[in-house]
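The tour below goes from one selection to the next and says what is to be found at each stop.

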Amino acid sequence: MDFSYSEEQEIFRKSVREFLKKECPKDKVRSLEEDEKGYDPETWRKMAELGWVGVILPEEYGGVGGEFMDLALLMEEIGKNILPSPLLPTILCSLPILEYGTKKQKEEFLPKIASGEEIWTLALTEAPLATYEASGIRLNARLEGDNYILKGTKIFVPYAHVANYLLVAARTSEEKDPEKGITMFIVDAKNPNIKVEVIPTAARDKQCEVKFEEVKIPKDNVLGEVGKGWEIIEFILQRGAVLKCAEMLGAAEAVLEIANNYAKERVQFDRPIGSFQAIQHKLADMLCEVDGLKYLVYKAAWEISVSSPSKLSISIAKIKANEVYQQICISGIRIHGAIGFTMEHDIGLYFRRVKASEYAFGDSSLHKEVVADELEKYKPPNPWKEE
Amino acid sequence: MDFKFSEKEEKLRREIRQLVKEELPEGWLIAALEEESRDEDWQFAMSMSKKLAKKGWLTMHWPEEYGGKGASMWEFIVYREEAAYWGIPGVSMGVSGVDWVGPTLIRVGTKEQKEKYLPLIASGEPDGVWCTGYSEPNAGSDFANIQTRAVREGDEYIVNGQKIWTSAAHRARWCWLAVRTDPNPPKKHLGISILIVDMKSPGVTVNPLLNYNGYHIFNEVFFDNVRVPVENLVGEEGKGWYVLMGSLAFERGSVGAAGYGYCRRILDELIKYAKETGLIKNPIIRHKLAERLVEIESLRMIAYETAWKISKGTIPVYEPSRDKVYYDQVAERLAITGTEILGAYSQVDPMHRDSKWTKLRGCIESLYWLFPGLSIAAGTDEIEKNIIGRFGLGLPKSY
């Protein structure tokens, strides 16, 4: 059992932190919210040069050959600072290509992802519920000769308006089991039959509605096997959930720090408000919750790192992250009083991202079902019945 | 990072489960803090202390020269977690001796004190059972306010005063007693000393204080001109505060892990019960069980983080307080969820562990009636939050 960062991880975290401090101060975050693209191409280029997009990709594809844990630590720092960028969706498209892609697909796509030349995103969820159940995938893909024709609409697709490629979950056949008959497609986002509209989210984080109006996709662009896309989606969702948790952890840590600093500086009744137990105990609760989240996230990430991902650990981490990030923001704002309610204060930037994080890769209700299913299967230890 | 126990630690876990199988009745389950209450439970606990001592587990975290095994922090954590999970009685022999009297004597005790008291604890003898006299009627959270006086007369201290909420005083042979040796110190946390008092001394009176369920966990202890030999002073006279504070963090190092073991067992029992009764299909129950698992596993990770810090030679500052607050909150919600799952059966008095109406040996009801006490004992949650605020967050003193 070892809770320490390796020396390389310490150096990496520090360099990420310094980069973000310089490249992405809060006024930049604010201006990117109003920006049409929603990210800074110059920063993106530098991030790619630093190897962030290809942290986990092997060197033969232009990556750094790092571990999944490194990715989690990267996302934690990004969450602390808030960096509006298509990094997470792009990385989450690269992972299944590496795992399930053909040699040709890997060679064609991965180097351009690692170099930052291309932006990728995931098109998974659909109306009316926009949840991650298999039954929610209705977008139709029918085979015509050597091509599939995609028809339907995806919603809450991050950065689709600037993406080069979309990784799309579509239904290729109707089966009794909704997890069957799903196929993953690599889709050129610039296809004229694709219509993208940016959804006005509170986070102004450029999630889009993407309409597929009879989009023709060559058979070669199927990722993995036809009809077996759900396995790939689960692969993506598990990694996506952990990385999103890491980002939420970073955000919660940042909000705690902001609130704690404020409680030390803000004077009322001739003393810092942090000397009042009403405030201090709230902060103590926040610290307990942030610590309580941190190691659940690290554990879930570490398990993926050592190639034994645990569905249970991942769902536990996401449930906790959903609860903690929201609560830390609410408590943080209350500690600030009215200033915390304003556009000019940073804490609102974090609060406005709570819902986007909560619903990404599964809300608590979905993950509690996963946990409950695992509990149903679980057999507690019983020394009296063992050999 | 590495979130797996080593083979050595897993082997210990298997050995502990072997002992459980051999020494405890099938399905054994007992609530925390109950073993001191009833005579038959206490006798069984003491017989188990002996067996644990024989295995070298009772004081495994002590150095070998004092009857320990020099076990690593991680072995100790596995032991405490498993012991709590299976409800192995006798693990702490009335709490004080194993957990803080021994380790503090090892640190600051005289050669004679070490030779006299440590073997009694390490061998699981009834004469190795201790109670701790800290709280007084006017010194609860404000411990430095203690008034019990010790006045030196020749080779003896004459002790007068009253202690309260003294756990296991009715079972203890010795009292680890905080007294005031200087009645007019410049600051009230100065002038406190620690004395070892033989509970058989003339002038010591123990009165039971039953908790609201009728359990006999704690007592009032009166000291009326009790004569204590000077060699029973621990550390320097007037420096008792530092003796206590110096070992506090280490003593609490395993609180989270034991809390985890205890809560996880209760959750596992609830899961079994929900499956047997079909309640596991109820969506509300399913989600509540999932929520409790999230909290309990979260408690486990922070408890391990504290252990990891100690294992690296760092003295944890706010972490044990954090773990305790967290445990208290987890226990409270687990108890409430437990009663909701048992429904009307949660009304049965947990004293009647084996009645035909009792579910899960009364462990849910026991926890339900215990959790308010847990959050008060050994530092209330509010006091712990003050510690977290000051030492974990660097905030000003708030009281």
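Strands, as the word is used here, are DSSP runs of E with at least two residues, and they are numbered from the N terminus. Please keep in mind throughout that this is a predicted model.

**Stop 1: a strand residue in chain B**

Select B:V221, which is found in strand β7 of chain B, a strand that covers residues 216–229. With a relative accessibility of 1%, B:V221 counts as buried. If you display its surroundings and leave aside residues up to four places away in sequence, you will find that B:V221 touches, among others, B:G161, B:Q162, B:K163, B:T166 and B:A169, and that its contacts also include B:M199, B:V204, B:T205 and B:V206. For a distance to check in the viewer, take the C-alpha atoms of B:V221 and B:I196, which are 14 Å apart although the two residues are separated by 25 residues along the chain.

**Stop 2: the face between the chains**

Now show both chains together and select the residues in contact, which number 56 in chain B and 54 in chain A. The area buried between chain B and chain A comes to about 5200 Å², and carbon and sulfur atoms give 65% of it. On the side of chain B, B:M1, B:F3 and B:L393 lose the most area to chain A, and together they make up 16% of what that side buries.

Turn next to the polar part of this interface, where 32 residue pairs are in polar contact between chain B and chain A, counting pairs with both residues at pLDDT 80 or more. Eight salt bridges are found across the interface of the two chains, and one to display is that between the side chains of A:D373 and B:R286, with 2.6 Å from N to O.

Which helix of chain B gives the most residues to the side that touches chain A? Select α8(B), which gives the most, with 14 residues. Taken as a whole, the side of chain B that touches chain A divides into 27 nonpolar, nine polar and 20 charged residues.

**Stop 3: backbone details in chain A**

Move to A:P128, which lies in the loop between β1 (120–123) and β2 (140–144) of chain A. The peptide bond that leads from A:A127 to A:P128 is cis, with omega near 5 degrees.

Go on to A:Y159, in the loop between β3 (147–158) and β4 (165–171) of chain A, where phi is positive at about 55 degrees although the residue is not a glycine. A:Y159 is buried, with a relative accessible area of 5%. A:E214, which is found in strand β7 (residues 207–218) of chain A, likewise has a positive phi without being a glycine, here near 60 degrees. A:E214 is partly exposed, with a relative accessible area of 34%.

**Stop 4: the cysteines**

Finally, select the cysteines and show their sulfur atoms; how many disulfides does the structure hold over all chains? The count is zero. In chain A, the cysteine sulfur closest to that of A:C208 belongs to A:C93 and is 13 Å away, so the two are too far apart for a bond; A:C208 itself is buried, with a relative accessible area of 0%. In chain B, the sulfur of B:C363 has its closest cysteine sulfur in B:C263, at 11 Å, which is again too far for a bond, and B:C363 is buried, with a relative accessible area of 3%.

How values were computed: Residues numbered from 1 in each chain as written. Chains lettered and ligands numbered in written order. Predicted model: local features only at pLDDT ≥ 70, side-chain atom pairs only at ≥ 80, totals over all residues. Heavy atoms only, no water. Helix = DSSP H or I, 4+ residues; strand = E, 2+ residues; numbered from the N terminus. Buried < 20%, exposed > 50% of the residue type's maximum accessible area, 1.4 Å probe, protein only. Contact = heavy atoms within 4.5 Å. Buried area = accessible area lost by both parts, 1.4 Å probe. Salt bridge = Lys/Arg side-chain N within 4 Å of Asp/Glu carboxyl O. Polar contact = N/O pair within 3.5 Å; in protein donor to acceptor, adjacent residues only side chain to side chain. Nonpolar A, V, L, I, M, F, W, Y, C, P; charged D, E, K, R; others polar. Disulfide = S-S within 2.5 Å.
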